[in-house]
Amino acid sequence: MANVALVEKVPSKTDFVRHFDNDFQFDRFALCSDRTKKKILKRDVDIDIDTGEYDFIVLVGSEALQHFTKERSITEHCGRLINDKFIPVINPGMLAFKPEARETWEDALNKLKKYISGELTSVKIDEDKFYGITDTAEALAWVKAARASISPKIAVDTETTGLYPRDGYILGISMSVDEDTAVYISTDCIDEEITSEMQELFREKSVIMHNAKFDLAMLEYHFNFEFPNIDDTMLMSYMLNEVPGNHGLKSLAIKHTPYGDYEKPMYDFIDEYCRRNNLLKGQFTWDMIPFELMQVYAAMDACVTYRIYKVFEVELNKDVQIRRVYKNLLIPAMRFLKDIQETGVPFDRKRLEVSQNLMEVDIQLAIEKLEKHKEVVDFQGFQDKPFNPNSTLQLRKLLFDFIGLRPTGKKTGTGAHSTDAEVLQELGEQHEVPNLILDIRQKSKIKNTYLDKIIPQLDRDTHLRTNFNLHGTTSGRLSSSGKLNMQQIPRDNPIVKGCIKAREGHQIVAMDLTTAEVYVAAILAKDNRLQNVFRQGGNFHSTIAKVVFKLPCEAEEVAEYYSVKRQAAKAVTFGIMYGAGPKKISEQVTKDSGTYFGMDEAQEVITDYFNQFSKLKSWLEDMKDEIQRKGYIYSIFGRKRRLPNVFSSDKGVASHEVRSGINFLVQSAASDVNLLGAIEMNNHIKEHNLKSRIFALVHDSILAEVPEHEIDYYQEKLKYFIQKPREGCVIEGAPIGCDFDVGDDYSFGKFEKIYGEMVL
């Protein structure tokens, strides 16, 4: 029998013998003998263990993992054998209140038992099966042999010097036509004949990639390759588990293949190279890795991708709905996002440079205003040194000790009073100083996070090319990352939006869905009264208020005569999707209207609302019951939202999971309506050789740069594609609303209204 030890953070009452089904014996240790410690520092570690005495050491939790292996992610390495000795697992004590972790635990436990019994061992990489090619004749022979192989699939991966096609070049192409062998062909030996053979290979076989949007963009830009049939293991993974952060090739290889963290030696080389040459990790590029080292691990990328595909193909075929979403939505969406990323966001360089200076002036003026404030002047005299608004310690002393503001109750991880943006906004209702500090922070963020970083990242055509992601949210809404997060562009200050400017002879056209989530809810609930509000047209929230409160005026007069009731109806409309109760409605209406709105009034509004829209209430209750019973839900388009935490012993966690599920049903469908419309519009543009170019999807908006002579046609066709009936997601007689804005820049006049004279 193997000698086994178990190491946890501190001594606990967890019954590991029961969790391990009494399948093996083990000695039990703790990093720190003081069970009261919540956070373990190096000085707290007092474990006394001779690791050489044990064949395997089970590491419970991230602290034990990091102490013995220097790895950090317990989720990524759970159940994996590290250094032929250490096996990390999550703490099973968390399963009662976090059931979503059960699959991870059970998978790790299965592997753990197999390692200890000897049924499973670490796999040594056979370098005869994974190798590099630098000779042109050898490369040509391999490609021809791949074309002749019986496999209908080929896995393809690239190694590059940059993250965007214009920022680097392809070092090599990895390919595999089976689960056990692969090659890495250096691009230095690829000539015209090989390029032609490769193109035929990619036409004849269905190509598998991991994060295909990246590799397609690189291969199309640098080789002009075409790929008629594509599968993407990253998107397959997302369909099988929609939680973000679990879809990297490394973590999937650890979970689904025997090769584990096969790239570790290469990353060890990178760490050593950076240390030896005084480089930051961000300064390292992949061409610094010798081909002899790169070839094995690059080739394995293709083989691992092939293996993961075989696993996921079986799983996807078990669920008709999610397979349909993958094939009919995600793969077309991946190609669409590749296109808009290639188009890039059109920025005006001169306006960016002017805006940098304008924002710097704004920041200095805001700082001067703060420094002249009486309380700040007195505080500086009290502490006998200048006040630094970036010092959290000084800020707490000023706000809570010196001025005497009431803390909001929000605390930091160390238990101190928080001074984040949300807190400052709330404190701003008590005093002017928090608002002044918040103003400085917001303006500094705009300059430092956006204006300063955008300019050096512009391509020669002054477009900025960033990422749009399909796998970054549980709802299916797009996320953005890379050079610029387009989903987080400031809304209140138009200076960044004003720098997204159309070329001469073009205009920026933005299409926004109107009240899309409520529209979807009305359809899903089959609430004819709520659907009639859409059929009536006019201002939606005013009409809702008139219906709910039976107001004695026309809908268009509600905002003028019954503004608080309109705000109340609006708050309930949006709040019910997120499980908002009387307290939240009271706070929201009070904030939006500027008039105190009590909890009793809020409860009365909620009651009146559901009396009018009773089917909506019934639907919400039915969905809650279904989620609590099943632990998952499907959207109208077939996306699956897994909600295992509804079975949590923590009622707060369980109720939050239910709200997430209901929110998913409406938010996901609204997002998919927008995405499908954008995909079809983009296809129409390419098929008809139009000059219009969609360059971003931001929340419920589709942004495009459109020639002036195409604007009317573009708007007409986009509206048609957005409002097409899909999966029954339409109200008869009232297609989903589309609002269009057209202007020289994305601020649609707000930039020039505020900064126009200074820019000119």
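The structure is a predicted model, in which local features need pLDDT of at least 70 and side-chain atom pairs count only at pLDDT 80 or more, whereas totals for chains, interfaces and linings use all residues. Residues are numbered from 1 along each chain as its sequence is written, and side-chain values use heavy atoms, with hydrogens and water left out. Helices (H or I, at least four residues) and strands (E, at least two) are DSSP runs that are numbered from the N terminus.

An open sheet of 4 strands, with parallel pairing, has the order S2-S1-S3-S4, where two strands are said to pair if DSSP finds at least two bridges between them. Strand S2 (27-30) and strand S4 (86-89) stand at the edges with a single partner strand each, so one side of each is left without a neighbour in the sheet. On average, and with direction ignored, neighbouring strands of this sheet are turned by 25 degrees against each other; here axes are lines fitted to C-alpha atoms, for helices over the stretch in contact, and angles run from 0 to 180 degrees between N-to-C directions. Within the sheet, strand S1 (residues 4-8) pairs with strand S3 (residues 56-60) in the parallel sense over 4 bridges, and Val7 stands opposite Leu59 in S3. Helix H4 (residues 102-117) packs on the sheet, where H4 touches S1, S3 and S4 and its direction makes about 160 degrees with that of S4. Helix H2 (residues 62-69) lies across S1, S3 and S4 and runs at about 135 degrees to S3.

A second open sheet is built from 4 strands in the order S18-S19-S15-S20, and its pairing is antiparallel. Its edges are formed by S18 and strand S20 (737-743), each of which has a single partner strand, so one side of each is left without a neighbour in the sheet. Neighbouring strands are here turned by 20 degrees against each other on average, direction ignored. S15 and S20 run antiparallel and are joined by 7 bridges, and the bridge partner of Leu513 in S20 is Cys738. S18 is joined by 5 bridges to strand S19 (residues 701-707), again in an antiparallel arrangement, with Ile702 in S19 as the bridge partner of Leu697. The hairpin of S18 and S19 has 2 residues between the strands, and in this hairpin His699 takes a positive phi near 55 degrees. Of the 6 residues of strand S18 (residues 693-698), 5 are buried (under 20% relative accessible area, against over 50% for exposed and partly exposed in between, with a 1.4 Å probe and protein chains only).

Helix H19 (residues 516-525) is largely enclosed by the rest of the structure, because 10 of its 10 residues are buried. The elements that cover these buried residues include strand S15 (506-514), helix H20 (528-536) and helix H27 (651-687), where contact means heavy atoms within 4.5 Å. Just after H19, Lys526 takes a positive phi of about 55 degrees.

Elsewhere, the axes of helix H8 (residues 233-240) and helix H11 (residues 291-316) come within 10 Å and cross at roughly 35 degrees. In this contact, residues of H8 including Met236 and Leu240 meet residues of H11, among them Ile308 and Phe312. The residues of the contact divide into 7 nonpolar, 3 polar and 2 charged.

A search of the whole structure finds 27 aromatic pairs, for which rings of Phe, Tyr and Trp (its six-membered ring) need centres within 6.5 Å, with planes under 30 degrees apart counted as stacked, over 60 as edge-to-face and the rest as tilted. Phe130 and Tyr259 form an edge-to-face pair, at 5.9 Å centre to centre and with 85 degrees between the planes. Phe130 lies in strand S5 (residues 130-133) and Tyr259 in the loop between helix H9 (249-256) and helix H10 (264-276), so the pair ties together parts that are 129 residues apart in sequence. Both Phe130 and Tyr259 are buried. The rings of Tyr184 and Phe291 are stacked, because their centres lie 5.5 Å apart and their planes are at 20 degrees. Tyr184 is in strand S8 (residues 182-186) and Phe291 in helix H11, so this pair links parts that are 107 residues apart in sequence. Tyr184 is buried, with a relative accessible area of 2%, whereas Phe291, at 22% relative accessibility, counts as partly exposed.

Technical notes: Ala, Val, Leu, Ile, Met, Phe, Trp, Tyr, Cys and Pro count as nonpolar, Asp, Glu, Lys and Arg as charged, and the others, Gly among them, as polar.
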